[in-house]
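Hi,

Here is the structure I promised to pass on to you.

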Amino acid sequence: MAGAVALALGMGLQNFPEGLAVSMPLRREGLTRARSFFYGQLSAIVEPIFTFLGALLVYIARPLLPYALAFAAGAMIFVVVEETVPESQASGNGDLATTGFLIGFAVMMVLDVALG
């Protein structure tokens, strides 16, 4: 329960800058404060709806989750290796970039094992 409360709190805190990112440009374009606030709130209304749908899908697809998460992790690693690594090697700091990558990967693995 504590993890769920922390996650909900984090999502709620993330909504403040997100709502501001929608509301402030609308206010600058001449909309009233109330209307800008309304549209800022409206931009976040999809989150509770899709949170419920996502939780329902996770419950239904529980046996497939390890495979889906492994696929997502592989896709992210592919993007990093395909896009970021060659770019970091091109600037002449190849040793530093590789060392940073390896240290970051090692820290990630230690945290994964330590935090389960």
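**What I found**

Let me start with one serine: Ser23 counts as buried because its relative accessibility is 12%, where buried means under 20% relative accessible area, exposed means over 50% and partly exposed lies in between, using a 1.4 Å probe and protein chains only.

Before going further, a word on the model: it is predicted, so local features need pLDDT of at least 70 and side-chain atom pairs count only at pLDDT 80 or more, while totals for chains, interfaces and linings use all residues. Residues are numbered from 1 along each chain as its sequence is written, and side-chain values use heavy atoms, with hydrogens and water left out.

Ser23 lies in helix α1; helices here are DSSP runs of H or I with at least four residues, strands are runs of E with at least two, and both are numbered from the N terminus. Leaving out residues up to four places away in sequence, Ser23 touches Ser36, Phe37 and Gly40, with contact meaning heavy atoms within 4.5 Å.

Ser36 counts as buried because its relative accessibility is 2%. With residues up to four places away in sequence again not counted, Ser36 touches Ser23, Leu26, Arg27 and Leu31.

How do the two helices pack? Two packed helices are described by the angle between their axes and the distance between the axes. Helix α1 (residues 2–28) and helix α2 (residues 33–43) pack at an angle of about 145°, with their axes 8 Å apart. The axes are lines fitted to C-alpha atoms, for helices over the stretch in contact, and the angles run from 0 to 180 degrees between N-to-C directions. On the α1 side the contact is made by Glu18, Gly19, Val22, Ser23, Leu26 and Arg27, and on the α2 side by Arg33, Ser36, Phe37, Tyr39, Gly40 and Ser43. By class, this contact of α1 with α2 has four nonpolar, five polar and three charged residues. The classes count Ala, Val, Leu, Ile, Met, Phe, Trp, Tyr, Cys and Pro as nonpolar, Asp, Glu, Lys and Arg as charged, and the others, Gly among them, as polar.

Asn15 is also in helix α1. Asn15 is partly exposed because its relative accessible area is 23%. Apart from its neighbours within four places in sequence, Asn15 is in contact with Ala44 and Glu47. Asn15 and Ser36 are 21 residues apart along the chain, and their C-alpha atoms are separated by 15 Å.

The largest pocket holds about 260 Å³ of space. Of the 13 residues that line the largest pocket, the closest to its centre are Gly19, Leu20, Ser23, Phe37 and Gln41. A pocket is found on a 1 Å grid over the protein atoms alone, as an open set of points where a 1.4 Å probe fits, with protein on both sides within 12 Å along at least five of seven lines; lining residues have an atom within 4 Å of a point. Grid points are joined across faces, edges and corners, and a volume is the space filled by probe spheres set on the points. Helix α1 gives the most to the lining of the largest pocket, with seven residues. That lining divides into five nonpolar, six polar and two charged residues.

What is the volume of the second largest pocket? The second largest pocket has about 160 Å³. Its lining is made up of Met76, Ile77, Val80, Val81, Phe101, Gly104, Phe105 and Met108. Helices α4 (65–90) and α5 (94–115) each supply at least two residues of this lining. By class, the lining of the second largest pocket has seven nonpolar, one polar and no charged residues.

**The α4 and α5 pair**

Helices α4 and α5 pack at an angle of about 145°, with their axes 8 Å apart. Their contact is made by Val80, Ser88 and Gln89 of α4 and Gly94, Ala97, Thr98 and Phe101 of α5. By class, that contact has three nonpolar, four polar and no charged residues.

Glu87 is found in helix α4, and Glu87 is exposed because its relative accessible area is 61%. Val107, in helix α5, counts as partly exposed because its relative accessibility is 44%.

Best wishes
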